[in-house]
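Me: I would like to learn how to read a structure, step by step. Can we take one feature at a time?

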Amino acid sequence: MAMTGVLRPGHVQIRVLDLDEGVRHYRDVMGMEETGRDEQGRVYLKCWDEIDHASVVLRQADRAGLDFIGFKVLNVKTLNQLEADLKEYGVKTERIPAREMLETGERVRFVVASGHTIELYAEKAPHGNGCGGVNPTPWSPQSERGIAPRRLDHALLYGPNIEEVRKLFVDVLGFTLVEHILTPDGKANQVIFLSCSIKSHDIAFGEFPEPGKLHHCSFLMDSWDHVLRAGDIMSMHKVPVDIGPTRHGVTRGCTIYAFDPSGNRFETFKEDRTPYPDHAPLTWTFDGLVGEGGLDYVQRKLHETFLTVVS
Ligand SMILES: [Fe+2]
């Protein structure tokens, strides 16, 4: 499959209540590398195997949550085309100037019907993963630090009107619906899992009355062993764990959900599927989310927090 168009979620800007606490969590517990601070006081971090300058930007604010999620697209031509496509679809877009975020080119910003701010961008300066570009090493010292996820993997966002959001991501941005969880009456989607690659999801949306909420940002681990080790490190640092370690039936992902010091949920996640765009989406009934282990395949139980706690 040729990767064109939208490539991947490239950055999230997360609001934290206390910047120092937030940095301690993402840098020292998660083990991400701090790559910069800007004039606004924002802190930039990257996971060890990411090439680009930063994937997590922390901004101190009075309330936790997500400012925006940005997707990297193939090149500037693609960015311009996608912006034109969005406008033609009736979406209002805004250009954020280059270097408003450190080492990042111009971004196209828009708000979707769930109330979330989405960005597209084509350019971000490479920082490297410490392995080198010629005769590279398989890992670097940074890959042994803290929880050490490989990359920012996806986010689950909660808000209203997710059917409208699904249409926009599929019809305009070229995503595929990979899996979906139906509402209790089976007539609509409760959660949708959308991919622009062969990942089980690059972004997911859950139907929720309040707009613009963050359910979790997810970070990719190498293996189930690394997910379990992440749990050990969370316990050592008294990080509040929400669910896991376990496996989701939905996406088959091995997972732990936990909270950063500001109450933003994050996930340490091991991908376990490679869906291609020609595969039919997998369907979960609302009852199956619990009774068939969609949420927690091992315990097959309801974790009330999954449906209600957001930031
Ligand atoms: Fe997730």
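This is a predicted model: local features need pLDDT of at least 70, side-chain atom pairs count only at pLDDT 80 or more; totals for chains, interfaces and linings use all residues.

Me: How many residues does α4 have, and what span does it reach from its first C-alpha to its last?

Reply: Count residues, then compare the span with the expected one. Helix α4 covers residues 224-236, which is 13 residues. It reaches 19 Å, close to the 18 Å expected at 1.5 Å a residue.

Me: Which residue caps the N-terminal end of α4?

Reply: Look for a side-chain atom beside a backbone nitrogen. Here Ser223 is the cap. One of its side-chain oxygens lies 3.3 Å from the backbone nitrogen of Asp225.

Me: Which residues of α4 are buried?

Reply: Buried means under 20% relative accessible area. In α4 that picks out Val227, Ala230, Gly231, Ile233 and Met234. They span an arc of only 165° around the axis, so they sit on the same side of α4.

Me: Which exposed residues does the face turned away from the buried side carry?

Reply: That face of α4 carries Asp225, Ser235 and Met236.

Me: Now the metal. Which residues coordinate the iron ion?

Reply: The iron ion is held by NE2 of His154, NE2 of His216 and OE of Glu267, at 2.0 to 2.1 Å. In sequence, these donor residues are spaced H-x61-H-x50-E. His154 belongs to strand β9 (residues 151-159) and His216 to strand β13 (residues 213-220), so the pair ties together parts 62 residues apart in sequence.

Me: Are His154 and His216 buried or exposed?

Reply: Both His154 and His216 are buried.

Me: How do I read a strand such as β12? Which strands does it pair with?

Reply: Check the bridges and their sense. β12 pairs with β9 in the parallel sense, over four bridges. Strand β11 (residues 189-195) is joined to β12 by four bridges too, but these two run antiparallel.

Me: Which residue of β12 is the bridge partner of Leu157, and which of Ile192?

Reply: Phe205 partners Leu157. Phe205 also partners Ile192.

Me: Why is β12 called largely enclosed?

Reply: Count its buried residues. Four of the five residues of β12 (residues 203-207) are buried, so the rest of the structure largely encloses this strand.

Technical notes: Residues are numbered from 1 along each chain as its sequence is written. Side-chain values use heavy atoms; hydrogens and water are left out. Donors are N, O and S atoms within 2.8 Å of the metal (3.2 Å for Na, K and Ca); water is not among the atoms, so sites may look incomplete. Buried means under 20% relative accessible area, exposed over 50%, partly exposed in between (1.4 Å probe, protein chains only). The expected span of a helix is 1.5 Å times one less than its number of residues. The arc is that of the directions from the helix axis to the C-beta atoms. A polar contact is a pair of N or O atoms within 3.5 Å; within protein, one must be able to donate a hydrogen and the other to accept it, and residues adjacent in sequence count only if both atoms are side-chain atoms. Two strands pair if DSSP finds at least two bridges between them.
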